[in-house]
Amino acid sequence: MSLDLVIKNVRVVRPDGDGSEDLDIGIHDGKIARLEANISPDDANAVHDGEGRLLFPGLVDGHMHVGIYSPLADDAVTESKAAAMGGVTSAITYFRTGQYYLNKGGSYEDFYPEVLQISNGNYWVDYAYHLAPISSSHIDEMESLLTNHGVCSFKIFMFYGGYGLHGKTDKDAQKQFLMIGEDESYDIAHFEFIMRSAQKLMKKYPQMADQISVSLHCELADILNAYTKLVQKEGKLSGLRAYSAARPPHSEGLAIWIASYLAYETDCVNINLLHLTSRKAVEAALMMQKVFPHINFRREVTIGHMLLDYDAPAACHAKVNPPIRSREDVEFLWEKLLEGEIDWVVSDHACCSEELKTDNQNPKDDDNIWVSKSGFGGTEYLLSGLFSEGSRRGMTVNHMARLVSKNPAERYGLLNKGDIKVGYDADLVLLDPDESFVVRAAESESSQGYTPFEGMELTGRVKSTFLRGQLVYDNGDVVGSAQGQYLSRPSQRPA
């Protein structure tokens, strides 16, 4: 067959390989058609010279929040461009009903088609959505979301039971925030019923069972409420240290224990423990793996929690849930990542404007952690951040490819992505392992306008990103038009 493109002069990084391999990549109709030592340029309509760089599988950023603070139609454009500049080719966004996002309640039967309609034509990378069953009726809709829309991953926000997105709330405020009925309650029983529903789907659809999963944001509202009151009353801490103390690590650990027992009780065997931030959180997760060895736990960390600690100069710009932790916690995360105890690294990208990080009543106070909104972007630094710090600590490039490509792709049902194999989507990223650069928000495609990584020097720069064989980012510029496609999951695994 005549190839559409051949990428030559690259060192191919495969997740299950051993180091890099000198191979050429032949691409036809958006797929990897040939993977050989020397493909003739005459066999292809076009040739891309990789200039000896590392060629990774396109990244699967399995934890993003596109559309949380800005209209989805706008956020999808700017934040997917930021993803492309970071080597991300598949963006999976957490979405839900209630305040923020579309600011609507109601059924997913009405809500989700609107999400897809708005998304269409606005993404520069391929995209999918995890959905959170917020009301009891949403639990009944999980099957139709799976079979009609290809949504196989569902989320639980454990702290929403008595806490809002940004702080303490009462029952009435909670219902308004989540836009649920008077007789509804978002609590541990609700979480149990979500798991029971997911387990029924695994049993009813065995061919999809491995890709149906429940993800949890593990923090407990009671602990957050109590410790926030204590930290504010004492007034000894400020900034990120105060926020970490107000949402202490043992809140994560206790929530993980509860979530794990619920998984055992419901026989919901595919559980994802999201954005673990601390020694206590990771140790709790590993304890639960030993207690319940039949549960297929997956453990996630974010690049923000791997690169920042609570003494970072970013101050409130780095406010996120769960919080940025101590340097000791950061080093423990790296230790467990290198040991293979963490399954993937994500960005938790949530574009949160400068205005939302500032105290409007006192604009000169840029470190009022209590009024700043939570979340920040970072998908554009996911691969560079992991490569820079990981290389320094002895991590292999193949391990990196598993963490940011293969592992999340496998869990979340993108069975034709996350690897460099014949038949897989030609999602590829060229990284110059020797180029160092200083992070500058002004150079990002994101509309955020700042970054908590500002001034950080990273080694390993993304030079080109290919989405299904099409060049979408090249040497500092997003190119072409929006080519992102909706990913109905699970996809077919290539023969």
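Tyr-264 comes out as partly exposed, at 39% relative accessibility, where buried means under 20% relative accessible area, exposed over 50%, and partly exposed in between (1.4 Å probe, protein chains only). Tyr-261 is partly exposed too, with a relative accessible area of 44%. Both tyrosines sit in helix 9, three residues apart, or about one turn of the helix; helices (H or I, at least four residues) and strands (E, at least two) are DSSP runs, numbered from the N terminus. This is a predicted model, so local features need pLDDT of at least 70 and side-chain atom pairs pLDDT 80 or more, while totals for chains, interfaces and linings use all residues. Residues are numbered from 1 along each chain as its sequence is written, and side-chain values use heavy atoms, with hydrogens and water left out.

On to the rings: the structure holds 23 aromatic pairs. Rings of Phe, Tyr and Trp (its six-membered ring) pair if their centres lie within 6.5 Å, with planes under 30 degrees apart called stacked, over 60 edge-to-face and the rest tilted. Phe-159 and Tyr-160 make an edge-to-face pair, because their planes are at 70 degrees, with the centres 4.8 Å apart. Phe-159 is buried at 1% relative accessibility, and Tyr-160 is likewise buried at 1%. Tyr-261 and Tyr-264 form a tilted pair, 5.4 Å centre to centre with 55 degrees between the planes.

Then there are the salt bridges (a side-chain nitrogen of Lys or Arg within 4 Å of a carboxyl oxygen of Asp or Glu), of which a search of the whole structure finds 32. Arg-468 bridges to Asp-126, the closest N and O atoms being 2.8 Å apart. Arg-468 lies in the loop between strand 14 (457-467) and strand 15 (470-474) and Asp-126 in strand 7 (residues 126-131), so the pair ties together parts that are 342 residues apart in sequence. Arg-468 is buried at 17% relative accessible area, as is Asp-126 at 1%. Lys-417 and Asp-427 form another salt bridge, 2.6 Å between the closest N and O atoms, and both residues are buried.

Arg-196 is partly exposed at 29%, and Glu-265 is partly exposed at 40%.
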